[in-house]
Amino acid sequence: MNAKNLSKRLIASVVAVMLVLSCFALPAMMVQAASETIINIHYLRDDGDYASWDVWAWADGLDGAGHTFTDTGDEKGAVTTITITQSTPKMGFIVRKPDWSAKDPDGDRYVDLSGVVSGTVDVYCVSGSELADFTVDYSKAVTGLKIKEAVAESRTEVAISFTSAPAEDDEITPSQFSITSASGAEVAIGSYNRVSDTTASLELSEELDYAKEYTITFRDASMKLTLPDYFSSKEFEELYTYTGDDLGVTVVADTTNFRVWAPTAEKMELNIYAEGNGGEAEQVFEMTSAGKGTWVLTASSNLTGKYYTYTAYFDGKVNKDIVDPYARTVGVNGKRGMIVDLASTNPQGWDSDSRHTYKNVTDMEIYELHVRDFSVAANSGIQNKGKYLAFTETGTKTEDGVATGIDHLVDLGVTSVHLLPVYDYG
C-alpha cells in the first residue's frame, strides 16, 4: 500500500470513529436524585487485614466501581460506604482484592433495593462465609412504592413499571411525578393512567426532545428516563447527514474556514491557541449554525501554524476545549487540533501517486507493525531509526548481511502494511 493511500485510509478511519464522538454535547450519563440511598457494607475479618481488601459494587444497570474501607474495623468489621443517586431495584457487590486476585467468597451478592426509596441500608458480611450468608438492615431506610423502569413510548407518552403493585388505598396522581432535562427544565405532565397492577403511563403536555437526557422522579426516588435510540433513527439521519467534503479546517489564500459536525449543540465556539500545549486562547469566535448539524466560521486571515479547539453548549452544560475529530494534525497528546494547509506539505509527485490494486483481496499479505519497532534495533542498518522515513530506505542490512526494513518485508512476501500506532500520545 503506498504512502498516500495509507494516509487517506487512516484519516477516513479516524473520522469514521470520531463521528460518534462528534455529537459533542450529548449529555453525560448522570442522574441527580431527589434523595440518595446510602449503602454501608460492614466486612468482618478475624485477621483484621482490611487494607488488602475492598468492595466492588454496582447498581443495577450502572457501571461498577471499587470502594475502599475507611476504618480499621470494630466488632462488626470495617465499613465502606456507597452512595446511589438513581433509583434501582438492586445493588450487586463483591468483596475482593483490588487486583482481582481473590474474592471473599467467589461470586456476586445482591442487596434488594426494590422497596427502598432513600435513607441508609446496612449490610453485614463475614470473611469465609457462603454467598447467601449476609444480613441486611433496612431500619434506617425510607421504604415505599417506586418506579422500576420508565420508557418513553413516544414524545408525549411514558410507560412506567413499578417495583410492586400499589396498595389499594394508595392514590397516585400526576403531581407526584416530575420529568426534568439535564438543564433542569421541567416537562409538563398531563395525566396518569393505570394500565395493570404494576404498570401505568404518563401523558405529557409537551414533547420530549430525544436528543436530550431526562430524569423522572416519583415521590422521592429518581431515575433515568429511557429514550428511543434517536441517534440511529431514520429521522436523525435525514435531518443531520452531511455529505460535504469540507469538515475540519480549510485554508484558502488569506482565509481559514472551519466546519464541524455537532448536531446536538445549541451553541458552538472556536478557540484559537498559539501553541499546541499550554497557554490561554488568543481568540474566541462564536460559530454559525449552517444546517445538517454543522457549524461554520470563516476567519479573515491565514491561521496556518495556530492550534484550535471547540466549546460546545447543550442543555445547560458546557463542554470546553473539545478536539476537532476532523483535525488533520494535532498538538501535544492530541489535545488541540493544528491548522495546516495540507497542499503545502505535499512532497514532489504526491498528486501523481496511485494505489496498487489486486485482482483478489486474498492476494494481499498484510503485515501489522509498530512504526518505532520496525527500525529501531541498533543493528538494523537503518539511518532513520524509529521514524516514518525508515520506510523509504532500501538496501539496508544487519552486520551479518540479513536484509532489514522494507527489503525484509519484501523477502517475507508481504504486500501491504498496517501501521500502528500512528497517533500522538503520552
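## A hairpin of two strands

Strand 24 and strand 25 form a hairpin with two residues between them, and Asp315 in the turn has a positive phi of about 50°. Strands (E, at least two residues) and helices (H or I, at least four) are DSSP runs, numbered from the N terminus. Strand 24 covers residues 307–314 and strand 25 covers residues 317–322; they run antiparallel and are joined by four bridges. Tyr310 has Ile322 as its bridge partner in strand 25.

## Basis of the model

The model is predicted: local features need pLDDT of at least 70, side-chain atom pairs count only at pLDDT 80 or more, and totals for chains, interfaces and linings use all residues. Residues are numbered from 1 along each chain as its sequence is written, and side-chain values use heavy atoms, with hydrogens and water left out.

## The chain as a whole

The protein chain contains three helices and 28 strands. Its radius of gyration is 29 Å, well over the 22 Å that the globule rule gives for 426 residues, so the chain is more spread out than a compact globule. That radius is taken over C-alpha atoms, and the rule is 2.2 Å times the number of residues to the power 0.38.

Buried residues account for 38% of the 426 residues in the protein chain; buried means under 20% relative accessible area (1.4 Å probe, protein chains only).

An open sheet has four strands in the order 3-2-5-6, with antiparallel pairing; two strands pair if DSSP finds at least two bridges between them. Strand 3 (65–68) and strand 6 (109–112) stand at the edges with a single partner strand each, so one side of each has no neighbour in the sheet.

Strand 2 (residues 54–59) and strand 3 run antiparallel and are joined by four bridges. Within this pair, Asp54 has Thr68 in strand 3 as its bridge partner.

## Nonpolar cores

A nonpolar core is a set of buried Ala, Val, Leu, Ile, Met, Phe, Trp, Tyr and Cys residues joined through side-chain atoms within 4.5 Å. The largest has 50 residues, of which Phe177, Ile179, Leu208, Ile216 and Phe258 touch the most other members. Apart from it lies another core of 23 residues, including Ile84, Met91, Phe93 and Val95.

## Thr404

Thr404 lies in the loop between strand 27 (366–369) and helix 3 (405–412). Thr404 is buried, with a relative accessible area of 10%. A polar atom of its side chain lies 2.6 Å from the backbone oxygen of Ser380.

Technical notes:
Polar contact = N/O pair within 3.5 Å; in protein donor to acceptor, adjacent residues only side chain to side chain.
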